[in-house]
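Here is a short report on charged side chains and how they pair. Look at the structure, then read on.

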Amino acid sequence: MTAHPVLRVAAKLLIPMIVVFGLYVQFHGDFGAGGGFQAGVICAASVILYALVFGMHAARSVLPPAAVRVGAALGVLLYAGAGMAGVALGGNYLDYFVLPGGQHAGIFTVELGVLLTVSSTMVLFFYAFAGRARDIPGEDG
Amino acid sequence: MSLDPLQILDVALLAMLLVIAIAVARAINLFAAAMLTGVYSLICAVWFLVLDAPDVAFTEAAVGAGISTILMLGTVLLAGPEARVLPLRRRIAPFVAAVAAGGLLLYAVSDLPPYGSAATPANSGVGFEYLQRAGPDTHVPNVVTAVLASYRGFDTLGETAVIFTAGIAVLLLLGAGRRRNGGAQ
(Lines give C-alpha, C1' and ligand atoms only; values in the text may rest on other atoms or scores of the structure.)
Protein backbone atom coordinates (compact mmCIF):
# COMPACT_ATOMS: atom_id res chain seq x y z
CA MET A 1 0.00 0.00 0.00
CA THR A 2 2.71 2.48 0.92
CA ALA A 3 5.29 1.04 -1.44
CA HIS A 4 7.87 3.38 -2.99
CA PRO A 5 7.20 6.51 -0.89
CA VAL A 6 10.13 8.33 -2.55
CA LEU A 7 8.72 7.65 -6.02
CA ARG A 8 5.26 8.76 -4.95
CA VAL A 9 6.43 12.04 -3.44
CA ALA A 10 8.78 12.75 -6.34
CA ALA A 11 6.03 12.02 -8.85
CA LYS A 12 3.59 14.28 -7.01
CA LEU A 13 6.15 17.07 -7.15
CA LEU A 14 7.10 16.45 -10.77
CA ILE A 15 3.73 15.90 -12.45
CA PRO A 16 2.43 19.49 -12.03
CA MET A 17 5.75 20.82 -13.29
CA ILE A 18 5.64 18.53 -16.32
CA VAL A 19 2.13 19.73 -17.16
CA VAL A 20 3.10 23.39 -16.77
CA PHE A 21 6.19 22.81 -18.91
CA GLY A 22 4.02 21.13 -21.53
CA LEU A 23 1.66 24.09 -21.59
CA TYR A 24 4.65 26.45 -21.76
CA VAL A 25 5.99 24.55 -24.76
CA GLN A 26 2.51 24.72 -26.32
CA PHE A 27 1.87 28.43 -25.90
CA HIS A 28 5.48 29.53 -26.28
CA GLY A 29 5.88 27.58 -29.52
CA ASP A 30 5.44 30.80 -31.50
CA PHE A 31 8.55 32.25 -29.91
CA GLY A 32 10.86 29.36 -29.09
CA ALA A 33 11.40 25.75 -29.91
CA GLY A 34 8.36 23.56 -29.51
CA GLY A 35 4.72 23.46 -30.50
CA GLY A 36 1.67 21.28 -30.29
CA PHE A 37 3.45 18.04 -31.08
CA GLN A 38 6.15 18.33 -28.42
CA ALA A 39 3.73 19.75 -25.87
CA GLY A 40 1.32 16.90 -26.51
CA VAL A 41 4.01 14.33 -25.84
CA ILE A 42 5.11 16.10 -22.66
CA CYS A 43 1.54 16.31 -21.33
CA ALA A 44 1.04 12.62 -22.16
CA ALA A 45 4.27 11.84 -20.26
CA SER A 46 2.77 13.36 -17.11
CA VAL A 47 -0.24 11.00 -17.33
CA ILE A 48 2.05 8.04 -18.04
CA LEU A 49 4.25 8.89 -15.05
CA TYR A 50 1.11 9.05 -12.90
CA ALA A 51 0.01 5.65 -14.20
CA LEU A 52 3.46 4.12 -13.59
CA VAL A 53 3.66 5.33 -10.01
CA PHE A 54 0.04 5.19 -8.84
CA GLY A 55 -1.18 2.33 -11.02
CA MET A 56 -3.35 2.00 -14.09
CA HIS A 57 -6.56 1.96 -12.09
CA ALA A 58 -5.89 5.39 -10.58
CA ALA A 59 -4.80 6.78 -13.94
CA ARG A 60 -7.94 5.46 -15.61
CA SER A 61 -10.12 7.19 -13.05
CA VAL A 62 -8.22 10.48 -13.52
CA LEU A 63 -8.30 10.31 -17.31
CA PRO A 64 -10.84 7.75 -18.55
CA PRO A 65 -9.96 5.88 -21.76
CA ALA A 66 -13.21 7.10 -23.30
CA ALA A 67 -12.13 10.73 -22.77
CA VAL A 68 -8.77 9.95 -24.38
CA ARG A 69 -10.47 8.48 -27.44
CA VAL A 70 -12.76 11.50 -27.74
CA GLY A 71 -9.77 13.83 -27.31
CA ALA A 72 -7.82 12.18 -30.11
CA ALA A 73 -10.72 12.65 -32.53
CA LEU A 74 -11.53 16.14 -31.26
CA GLY A 75 -8.00 17.37 -32.03
CA VAL A 76 -8.21 16.40 -35.69
CA LEU A 77 -11.72 17.88 -35.82
CA LEU A 78 -10.47 21.16 -34.33
CA TYR A 79 -7.64 21.33 -36.85
CA ALA A 80 -9.88 20.53 -39.81
CA GLY A 81 -12.52 22.89 -38.37
CA ALA A 82 -10.02 25.75 -38.38
CA GLY A 83 -9.53 24.98 -42.06
CA MET A 84 -13.26 24.96 -42.72
CA ALA A 85 -13.65 28.25 -40.82
CA GLY A 86 -11.36 29.79 -43.44
CA VAL A 87 -13.64 28.47 -46.19
CA ALA A 88 -16.76 29.69 -44.39
CA LEU A 89 -15.31 33.19 -44.06
CA GLY A 90 -14.59 33.39 -47.77
CA GLY A 91 -10.98 32.25 -47.95
CA ASN A 92 -9.26 29.03 -48.93
CA TYR A 93 -9.04 25.91 -46.78
CA LEU A 94 -6.65 26.62 -43.86
CA ASP A 95 -6.42 30.28 -44.89
CA TYR A 96 -5.87 32.10 -41.60
CA PHE A 97 -5.84 35.62 -43.00
CA VAL A 98 -9.66 35.70 -43.18
CA LEU A 99 -10.05 34.53 -39.55
CA PRO A 100 -10.96 37.19 -36.95
CA GLY A 101 -7.62 36.80 -35.15
CA GLY A 102 -5.60 36.48 -38.35
CA GLN A 103 -2.53 34.25 -38.58
CA HIS A 104 -2.04 34.14 -34.83
CA ALA A 105 -5.54 32.77 -34.16
CA GLY A 106 -5.18 30.18 -36.92
CA ILE A 107 -1.80 28.92 -35.70
CA PHE A 108 -3.07 28.90 -32.10
CA THR A 109 -6.13 26.83 -33.04
CA VAL A 110 -4.37 24.23 -35.15
CA GLU A 111 -1.59 23.85 -32.56
CA LEU A 112 -4.29 23.25 -29.96
CA GLY A 113 -5.72 20.56 -32.22
CA VAL A 114 -2.29 18.96 -32.57
CA LEU A 115 -1.83 19.08 -28.78
CA LEU A 116 -5.18 17.35 -28.20
CA THR A 117 -4.63 14.62 -30.77
CA VAL A 118 -0.99 13.91 -29.91
CA SER A 119 -1.40 13.86 -26.14
CA SER A 120 -4.59 11.79 -26.32
CA THR A 121 -3.11 9.31 -28.79
CA MET A 122 0.08 8.86 -26.74
CA VAL A 123 -1.94 8.17 -23.59
CA LEU A 124 -4.18 5.87 -25.64
CA PHE A 125 -1.09 3.95 -26.81
CA PHE A 126 0.05 3.60 -23.24
CA TYR A 127 -3.36 2.50 -21.99
CA ALA A 128 -3.56 -0.07 -24.79
CA PHE A 129 -0.09 -1.49 -24.06
CA ALA A 130 -0.28 -1.35 -20.27
CA GLY A 131 -3.84 -2.68 -20.27
CA ARG A 132 -2.56 -5.90 -21.83
CA ALA A 133 0.16 -6.47 -19.27
CA ARG A 134 -0.83 -8.44 -16.22
CA ASP A 135 1.10 -6.55 -13.59
CA ILE A 136 1.30 -2.83 -13.38
CA PRO A 137 -0.03 -2.96 -9.85
CA GLY A 138 -1.26 0.18 -8.24
CA GLU A 139 -2.53 1.11 -4.84
CA ASP A 140 -5.26 -1.51 -5.12
CA GLY A 141 -3.60 -3.75 -7.71
CA MET B 1 40.92 18.31 -41.87
CA SER B 2 40.67 21.37 -39.69
CA LEU B 3 40.10 21.00 -35.95
CA ASP B 4 36.69 22.61 -35.71
CA PRO B 5 35.44 21.80 -32.19
CA LEU B 6 31.85 21.43 -33.41
CA GLN B 7 32.95 18.86 -35.98
CA ILE B 8 34.83 16.94 -33.29
CA LEU B 9 31.59 16.96 -31.27
CA ASP B 10 29.69 15.69 -34.33
CA VAL B 11 32.11 12.82 -34.81
CA ALA B 12 32.10 11.96 -31.10
CA LEU B 13 28.29 11.90 -30.98
CA LEU B 14 28.04 9.80 -34.14
CA ALA B 15 30.63 7.39 -32.73
CA MET B 16 28.54 7.06 -29.57
CA LEU B 17 25.46 6.36 -31.73
CA LEU B 18 27.37 3.62 -33.55
CA VAL B 19 28.51 2.01 -30.29
CA ILE B 20 24.97 2.12 -28.85
CA ALA B 21 23.49 0.70 -32.06
CA ILE B 22 25.88 -2.27 -31.88
CA ALA B 23 25.10 -2.71 -28.18
CA VAL B 24 21.33 -2.74 -28.94
CA ALA B 25 21.83 -5.30 -31.69
CA ARG B 26 23.89 -7.52 -29.39
CA ALA B 27 21.78 -7.11 -26.24
CA ILE B 28 20.04 -10.27 -25.05
CA ASN B 29 18.28 -8.55 -22.17
CA LEU B 30 15.37 -6.75 -23.86
CA PHE B 31 15.02 -4.31 -20.96
CA ALA B 32 18.59 -3.15 -21.60
CA ALA B 33 17.90 -2.95 -25.34
CA ALA B 34 14.81 -0.79 -24.75
CA MET B 35 16.71 1.57 -22.44
CA LEU B 36 19.61 1.76 -24.91
CA THR B 37 17.24 2.81 -27.73
CA GLY B 38 16.16 5.63 -25.41
CA VAL B 39 19.79 6.62 -24.91
CA TYR B 40 20.27 6.43 -28.68
CA SER B 41 17.40 8.90 -29.19
CA LEU B 42 18.71 11.22 -26.50
CA ILE B 43 22.15 11.38 -28.14
CA CYS B 44 20.40 11.91 -31.50
CA ALA B 45 18.62 14.86 -29.90
CA VAL B 46 21.92 16.31 -28.68
CA TRP B 47 23.34 15.91 -32.15
CA PHE B 48 20.33 17.67 -33.74
CA LEU B 49 20.88 20.49 -31.26
CA VAL B 50 24.52 20.73 -32.35
CA LEU B 51 23.22 20.94 -35.94
CA ASP B 52 21.10 23.99 -34.93
CA ALA B 53 17.76 22.18 -35.19
CA PRO B 54 16.25 22.73 -31.72
CA ASP B 55 12.68 21.91 -32.78
CA VAL B 56 13.73 18.56 -34.22
CA ALA B 57 15.93 17.89 -31.19
CA PHE B 58 12.99 18.66 -28.90
CA THR B 59 10.74 16.25 -30.78
CA GLU B 60 13.39 13.54 -30.78
CA ALA B 61 13.98 13.92 -27.04
CA ALA B 62 10.27 13.89 -26.21
CA VAL B 63 9.11 11.22 -28.65
CA GLY B 64 12.19 9.08 -29.25
CA ALA B 65 13.71 9.12 -25.78
CA GLY B 66 10.46 9.53 -23.85
CA ILE B 67 7.32 7.97 -25.26
CA SER B 68 8.97 5.41 -27.56
CA THR B 69 11.08 4.07 -24.69
CA ILE B 70 7.98 3.71 -22.51
CA LEU B 71 6.13 1.90 -25.30
CA MET B 72 9.19 -0.34 -25.81
CA LEU B 73 9.18 -1.14 -22.10
CA GLY B 74 5.47 -1.89 -22.32
CA THR B 75 6.23 -4.29 -25.16
CA VAL B 76 9.01 -5.91 -23.10
CA LEU B 77 6.44 -6.37 -20.33
CA LEU B 78 4.24 -8.27 -22.78
CA ALA B 79 6.97 -10.18 -24.60
CA GLY B 80 9.21 -11.25 -21.72
CA PRO B 81 12.55 -9.88 -20.56
CA GLU B 82 14.96 -12.02 -22.58
CA ALA B 83 15.54 -12.40 -26.31
CA ARG B 84 15.67 -15.91 -27.66
CA VAL B 85 19.15 -16.57 -29.02
CA LEU B 86 18.80 -18.02 -32.50
CA PRO B 87 21.30 -20.53 -33.91
CA LEU B 88 23.95 -19.01 -36.14
CA ARG B 89 22.52 -20.25 -39.44
CA ARG B 90 19.20 -18.52 -38.74
CA ARG B 91 20.99 -15.24 -38.11
CA ILE B 92 22.69 -15.12 -41.52
CA ALA B 93 19.68 -13.88 -43.53
CA PRO B 94 18.82 -10.98 -41.16
CA PHE B 95 22.51 -10.03 -41.07
CA VAL B 96 22.73 -9.96 -44.88
CA ALA B 97 19.49 -7.92 -45.09
CA ALA B 98 20.78 -5.41 -42.51
CA VAL B 99 24.16 -5.06 -44.22
CA ALA B 100 22.49 -4.66 -47.64
CA ALA B 101 20.10 -1.98 -46.34
CA GLY B 102 22.97 -0.19 -44.60
CA GLY B 103 25.09 -0.43 -47.74
CA LEU B 104 22.30 1.09 -49.85
CA LEU B 105 21.94 3.96 -47.38
CA LEU B 106 25.71 4.58 -47.39
CA TYR B 107 25.61 4.49 -51.20
CA ALA B 108 22.83 7.10 -51.14
CA VAL B 109 24.92 9.34 -48.89
CA SER B 110 27.20 10.09 -51.85
CA ASP B 111 24.19 11.81 -53.49
CA LEU B 112 23.64 14.17 -50.56
CA PRO B 113 24.98 17.72 -50.78
CA PRO B 114 28.15 18.39 -48.77
CA TYR B 115 27.76 19.18 -45.06
CA GLY B 116 26.86 22.86 -44.60
CA SER B 117 26.59 23.51 -48.33
CA ALA B 118 24.75 26.67 -49.41
CA ALA B 119 23.40 24.88 -52.51
CA THR B 120 21.19 22.38 -50.69
CA PRO B 121 17.50 22.31 -51.67
CA ALA B 122 16.68 23.60 -48.17
CA ASN B 123 18.87 26.66 -48.68
CA SER B 124 18.27 27.34 -52.36
CA GLY B 125 14.54 26.52 -52.69
CA VAL B 126 11.63 28.09 -50.88
CA GLY B 127 13.41 27.90 -47.50
CA PHE B 128 14.99 31.30 -47.88
CA GLU B 129 11.69 32.87 -48.90
CA TYR B 130 9.99 31.43 -45.82
CA LEU B 131 12.68 33.03 -43.67
CA GLN B 132 12.10 36.41 -45.32
CA ARG B 133 8.30 36.34 -45.42
CA ALA B 134 7.38 34.56 -42.18
CA GLY B 135 7.95 37.64 -40.02
CA PRO B 136 5.84 40.16 -41.99
CA ASP B 137 3.20 37.54 -42.92
CA THR B 138 2.52 35.81 -39.63
CA HIS B 139 4.27 37.90 -36.91
CA VAL B 140 5.48 34.60 -35.43
CA PRO B 141 9.15 34.81 -34.44
CA ASN B 142 9.75 31.05 -34.67
CA VAL B 143 9.81 30.38 -38.40
CA VAL B 144 9.56 26.63 -37.81
CA THR B 145 6.16 27.11 -36.17
CA ALA B 146 5.06 29.48 -38.93
CA VAL B 147 6.02 26.96 -41.62
CA LEU B 148 4.53 23.96 -39.84
CA ALA B 149 1.25 25.51 -38.75
CA SER B 150 0.61 28.10 -41.45
CA TYR B 151 2.52 27.70 -44.74
CA ARG B 152 2.48 23.93 -44.55
CA GLY B 153 -0.69 23.70 -42.48
CA PHE B 154 -2.14 21.11 -44.79
CA ASP B 155 0.89 18.82 -44.27
CA THR B 156 0.58 19.16 -40.52
CA LEU B 157 -3.13 18.34 -40.74
CA GLY B 158 -2.07 15.18 -42.54
CA GLU B 159 0.49 14.38 -39.83
CA THR B 160 -2.14 14.88 -37.13
CA ALA B 161 -4.48 12.58 -39.04
CA VAL B 162 -1.66 10.01 -39.29
CA ILE B 163 -1.20 10.05 -35.50
CA PHE B 164 -4.96 9.72 -35.04
CA THR B 165 -5.00 6.81 -37.50
CA ALA B 166 -2.15 5.14 -35.61
CA GLY B 167 -4.19 5.50 -32.43
CA ILE B 168 -7.19 3.84 -34.07
CA ALA B 169 -4.95 1.05 -35.40
CA VAL B 170 -3.53 0.38 -31.92
CA LEU B 171 -7.06 0.34 -30.48
CA LEU B 172 -8.13 -2.17 -33.11
CA LEU B 173 -5.07 -4.39 -32.57
CA LEU B 174 -4.68 -4.26 -28.80
CA GLY B 175 -8.20 -3.36 -27.75
CA ALA B 176 -9.13 -0.49 -25.50
CA GLY B 177 -7.16 -1.76 -22.52
CA ARG B 178 -8.64 -3.82 -19.76
CA ARG B 179 -12.16 -4.22 -21.09
CA ARG B 180 -11.50 -7.33 -23.16
CA ASN B 181 -9.23 -8.99 -20.60
CA GLY B 182 -12.03 -8.86 -18.08
CA GLY B 183 -10.04 -7.53 -15.16
CA ALA B 184 -7.30 -10.21 -15.19
CA GLN B 185 -6.68 -10.37 -11.45
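Is Glu129(B) buried, partly exposed or exposed? Glu129(B) has a relative accessible area of 42%, so Glu129(B) is partly exposed.

## The model and its salt bridges

This is a predicted model. Side chains of opposite charge can pair when their charged atoms come close. Across all chains, a search of the whole structure turns up three salt bridges.

Start with Arg133(B). Its side chain forms a salt bridge with that of Glu129(B), at 3.3 Å from N to O. Both residues sit in helix α6 of chain B, which covers residues 127–138. They are four residues apart, so about one helical turn separates them.

Arg133(B) also has a salt bridge with Asp137(B). Here the closest N and O atoms are 3.4 Å apart. Asp137(B) lies in helix α6 too, four residues from Arg133(B), or about one turn of the helix.

Another salt bridge joins Arg152(B) to Asp155(B). Their closest N and O atoms are 3.7 Å apart. Arg152(B) is partly exposed, at 34% relative accessibility. Asp155(B) is partly exposed as well, at 41%.

Notes. Residues are numbered from 1 along each chain as its sequence is written. Chains are lettered from A and ligands numbered from 1 in the order in which they are written. This is a predicted model: local features need pLDDT of at least 70, side-chain atom pairs count only at pLDDT 80 or more; totals for chains, interfaces and linings use all residues. Side-chain values use heavy atoms; hydrogens and water are left out. A salt bridge is a side-chain nitrogen of Lys or Arg within 4 Å of a carboxyl oxygen of Asp or Glu. Helices (H or I, at least four residues) and strands (E, at least two) are DSSP runs, numbered from the N terminus. Buried means under 20% relative accessible area, exposed over 50%, partly exposed in between (1.4 Å probe, protein chains only).
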